[in-house]
Structure formats: structure tokens, C-alpha cells
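Q: I would like to learn how to read strands and helices in a model. Could you take me through some cases, one at a time?

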Amino acid sequence: LAAAAEPPVPEDLLPDVVPPLEKLEAALRGLEVGTPPETLLWNGPEDGA
Amino acid sequence: VTIQEIGAALRARKTSVRELTEETLRRVADANPRLNAFITVIDAAARARAMALDDELARGIDRGPLHGIPIAHKDNIFTRGVRTTGGSKIFADFVPDYDATIVSQLNDAGTNVIGKTGLHEFAYGITSNNPHFGAIRNPWDPERVPGGSSGGSAAAVAGRLVPLATGSDTGGSIRIPASFCGVVGLKPTYERISRIGVMPLGLTLDHAGLLAGTVRDVALAFSLIAKHSSGYVPSPRADLRGMRIGVPENFFVERIAPEVMLSFRAAVQTAAALGAHVTEIKLPDGEALNVVGRIAQLSEVSALLARYLDRRSEIGRDILVLLEQGRLIPAIDYLNAQRVRTVLARDFSKIWKHLDCLMTPATPMTAPKIGEMSVAFGSFNEDVRTAATRLTRPFNVLGWPALALPCGFSNAGMPIGLQVVGPPQQEDTLLQAGAAFEDAFGIVGRRPALS
């Protein structure tokens, strides 16, 4: 994906760009499980409980 | 000297706006070569405005408690006719043709703009170690960062250069520098203070806010600019009697430097001693908030700034890394992060059935040294940016108001910050609690070496 990006991600940045991002996206994968399909995008804080 | 004290001196004719402005400009000229808190100082405009504000007072026109009060605006906040760099080389010569709403509101309230304060490049970082405008230095120790991204605003207030400054906060950018510099910083409820004219960074995470030397000074300014303001300013004897305060027993008290934890525990004891009902509470997954917040921020910032990647040589390496990461996040992940955010917000909001506010440390550590890349918590090493934002970012994700104020000092003499968090729109509760803490801590008068 990094190589296919336009413009491509410079090679000297890849070690700092890719591993932390992969870790972050893996963490998101774990959170997505169990999200009800009808859940909408966050749209600001709701007042009160 | 507080804003209220300055106001009293002005109205008693013990000083004038002109004298106040001259004194402020003298202090800035003296300290800025050491602190680098300001990118731009507008001496001539400030002097002209001071004369006009004095003339108004002489004619019986009093704009209220901020009349004549010197103020500095973070340099990502539009000021008509005054360059607004965003801490970026790309915008180094950008001059807005209108004032941000927060600036025009504070102008109408009588503040006198002294200049524009430095920040982390694009407000996208927490050190304020800016490759284009130089490192901003912490008034308590010039070898240490002031925090960021509103580092110049915090350093200017901590260094006693101005009593009030504006800031913006996308992942902690008001509260982190407030914590590191020993000043008060308020990130209000999402959208409670207008963002019009504040350079956007993270569209669903950005907040405009305030930094000042005391909680009451923040409250005074907030009461004049907040949407649906109640006008509340804490009384001289604010108390915590009957307030239901939650103290997290997970996440927000994990991986905290021992000195910070000691001060935090002392603050919790102070709350109980002041009559609050203090309850330990297990919160939902705080780390999950940071995961979705980082995904959202990376995507949103790159959506705005990736267009400048054809000018790489004019952008700092740390920013380039973040912009590249944001470019690589699929839309599916961004959207699902925002959906998970909805679920988390629903879970977290349940705590307000039983609580009025939460207390947490503002940052897990005191200000790191300039150039330090990681911080150790026991045997665990953490990236400085991740650590500094760990306790603040969750409340950008939730959009809840959060107040940072000093609650102690480390053995090295660096300030330690407390964070008080409330439900949406309940800034008044935070300000009441903050004022009571401030009175009890009794550390407001302590001055840094470089003030």
C-alpha cells in the first residue's frame, strides 16, 4: 500500500510509518468486533447519561 | 497578578492600559529570547489599542473584566492583518483577512493582543520543538519542553508575560502544556467555543480553548466567549461540598511516574477533605478511546494536509511520518473507528448517572527534556508523544470538557498537572472544582526561574 500510494511513501520513512500503523490498525480490528451493524458515526457528545 | 487584580488596579486608576501594555512588551522583549514563546509581537498595534482602551475608560466606556487585559493568541488562530503561521514554514507568510471568532469575541471584551505564540508545527505534536521557528522552552527549566502544541501560550502565561492566552486542543494540546508549565488550561466541550478561524487539524477532534494563571481567570474569559454561557465565575470561596467525584481505578492511574501519582493521590485526599464524595470507579476501555482517536486524527489531518506533501523539504520529519500514516489508513478503517467511537461514548457516558466529575493526572509524567524521544515508566519505555497524550486524548474522542491545573511539583521542581473532567456542557462544575483545588493547593504564587 505504501509503495502504491501516489506519491509513494519515501523509503527512508517506512520504518517509522508502517510498523506503528500496523499495530494501531490491529488494535482497531479487535475493537470493531461486536460493534452493532446499526451503529452510526460519532456525531458529537450527547448531553447527560 | 490575576486578571481580576489587574482590572481592579485599572479601575482604581493605579495603572493604565498604556502602562500595562508597556510593561508587558518590556517583559516579552526581555524573556522571549530565552523562552521563544512568541513568533510575532505586535508592539505598535498593541500600543495603539492601549491608547484607545484608555480613552474608552476615560469616557466611561468599560467593556468589562477583560478591558485592557494583555492577551496572546496561538499562531494557528486567525488574526486579521497579523501573520498566522500555524508553526509551519508553508504558512510562514500567511496573513488572514479576518479574525477567528474567539479573537473577535475577546477583542470585543476589551483584550489587547500582544502577539502570536509559537506551537508545534501545524499544532500536530506535543513538544513545540519547532524546526522552523526554534524550540520553545519551559520557563521552569529551559532544557525541557513546554509541551504542545500550545507550548508558546503556556510558556507565555507561566513566564508571567501575559495573564491570558488562547490555544487549541486536538489530543491534549492545551492540557499537556498547561500540565508541563504549571498553568491552567481549559479544553471545553466539543464546539462550546467557536472553531471558526482556527486552522483545522482533526475535524472531529479539534477544540479551541484558553490558558491562564488561575482557574478564575480562565473562568472569566470562558464566561464571555462560550456558547450558552451561564456567566459563572467561581466565588472567592469555592468548595466541593456534596460534589460526586470519581477517581479511576484503571487506565488513568496506570503507568504514571511515581511523583505524579503521589501528587495525584494527595489531590484526591484534598477533594475528600473539602467535602467531596470521592468514589473509586472502574471505567470502560480507555486505551480503546486512544486507538480510535489516533486513527481518526491521522486520517483527518492527512485529509487536510497531505496536499502539502509535494513540499516535503518544508515539513518536519515527525510531521511527515504522521501525514504518511494518515494517507495509508483505508476509508473503511476511518469509518469503523468513528462507529466504535459512538459505542465507546455511549458506554463512558453511563458514569454521569452517579458522578459530577472525574479526577485524573493530566499527564503521566512531568516535562521531558528537549529532544527526548521516550519516557520510562519502570521497565516500560513509551514514546513521548504517546505517553503525553495518553490521559488527555480520550476526552477529545468523547468531546467532554476537561480542565488541567497544577497540583504539585516534582523533586526537580517541575510542575505536576491534575485533570478534572465533566459531562458535556458542564464546564461550570469543573471550574468550581478547579477553583476549590487551586485554593487548597496554594501553589499559584510559585514562580518559575524564567519569569
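Q: Which residue of S13(B) is the bridge partner of Val375(B)?

A: In this predicted model, Val375(B) has Glu382(B) as its bridge partner in S13(B). The strands S12(B) and S13(B) (residues 380-383) run antiparallel and are joined by 4 bridges. They form a hairpin with 2 residues between them, and in its turn Gly378(B) has a positive phi of about 65 degrees.

Q: How far apart are the end C-alpha atoms of helix H1(A)?

A: A span can be estimated from 1.5 Å a residue, so the 19 residues of H1(A), numbered 14-32, should span 27 Å; the end C-alpha atoms are 26 Å apart, which agrees.

Q: Which residues of H1(A) are buried, and what do they pack against?

A: The buried ones are Val17(A), Leu21(A), Leu24(A), Glu25(A), Leu28(A) and Glu32(A). Because they cover an arc of only 100 degrees around the axis, they lie on the same side of H1(A). They pack against three helices of chain B, namely H9 (286-305), H10 (317-327) and H11 (331-349). On the other side of H1(A), Pro15(A), Glu22(A), Lys23(A) and Gly30(A) are exposed.

Terms used. Residues are numbered from 1 along each chain as its sequence is written. Chains are lettered from A and ligands numbered from 1 in the order in which they are written. This is a predicted model: local features need pLDDT of at least 70, side-chain atom pairs count only at pLDDT 80 or more; totals for chains, interfaces and linings use all residues. Side-chain values use heavy atoms; hydrogens and water are left out. Two strands pair if DSSP finds at least two bridges between them. The expected span of a helix is 1.5 Å times one less than its number of residues. Buried means under 20% relative accessible area, exposed over 50%, partly exposed in between (1.4 Å probe, protein chains only). The arc is that of the directions from the helix axis to the C-beta atoms. Contact means heavy atoms within 4.5 Å.
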